[in-house]
Amino acid sequence: MKTDQEKPRDTQPVTLQFKVAFDSKPDTEIESGLYAFDASGKLLASSVLKEGQAQLSLTEEQSRFARVFVAPTGRVAGEKNPTLATMERIGAYEPVWKFDPKARVNELAPIPSDI
């Protein structure tokens, strides 16, 4: 019988650090969150961005295929279970991102000023 310690490494959640900035500083602070979805559109994890940083807890397997979005928390707050369709509807930013298990911090491309 397998114990938790014998589980393969890619099935145990790890905390991933993310850093994201704006191309140009907005006039007012925008409360934003980071949202990760699997290929089928299921929300895997979310976190509030604080000072341009957030943490998501994902397994290595989830991280390899996750789609990551940045969206204003106020526009997502009314959604009980945000989906990919939610992200598209509100015009959330989806930076290009590739999981690197060796990266201590995942720096995402800056959010364009027109978003």
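**Note on the pockets and the sheet**

1. The largest pocket holds about 400 Å³ of space. A pocket here is an open set of points on a 1 Å grid over the protein atoms alone, where a 1.4 Å probe fits, with protein on both sides within 12 Å along at least five of seven lines. Its volume is the space filled by probe spheres set on the points, which are joined across faces, edges and corners.

2. This is a predicted model: local features need pLDDT of at least 70, side-chain atom pairs count only at pLDDT 80 or more, and totals for chains, interfaces and linings use all residues. Residues are numbered from 1 along each chain as its sequence is written, and side-chain values use heavy atoms, without hydrogens and water.

3. Sixteen residues line the largest pocket. Nearest its centre lie Phe 22, Glu 29, Ile 30, Glu 51 and Gly 52. Lining residues have an atom within 4 Å of a point. By class, eight are nonpolar, three polar and five charged.

4. The second largest pocket has about 240 Å³ of space. Its lining counts 17 residues, with Phe 22, Ile 30, Pro 72, Ile 111 and Ile 115 closest to the centre. Twelve are nonpolar, four polar and one charged. Strand E5 (residues 67-72) gives the most, three residues.

5. Strands are DSSP runs of at least two residues, numbered from the N terminus. Three of them form an open antiparallel sheet, in the order E3-E2-E5. Strand E3 (43-48) and E5 are the edges; each has a single partner strand, so one side of each lacks a neighbour in the sheet.

6. E2 (residues 32-37) pairs with E3 over five bridges, antiparallel. Pairing requires at least two DSSP bridges between two strands. Gly 33 sits opposite Val 48 in E3.

Definitions and conventions: Nonpolar A, V, L, I, M, F, W, Y, C, P; charged D, E, K, R; others polar. Helix = DSSP H or I, 4+ residues; strand = E, 2+ residues; numbered from the N terminus.
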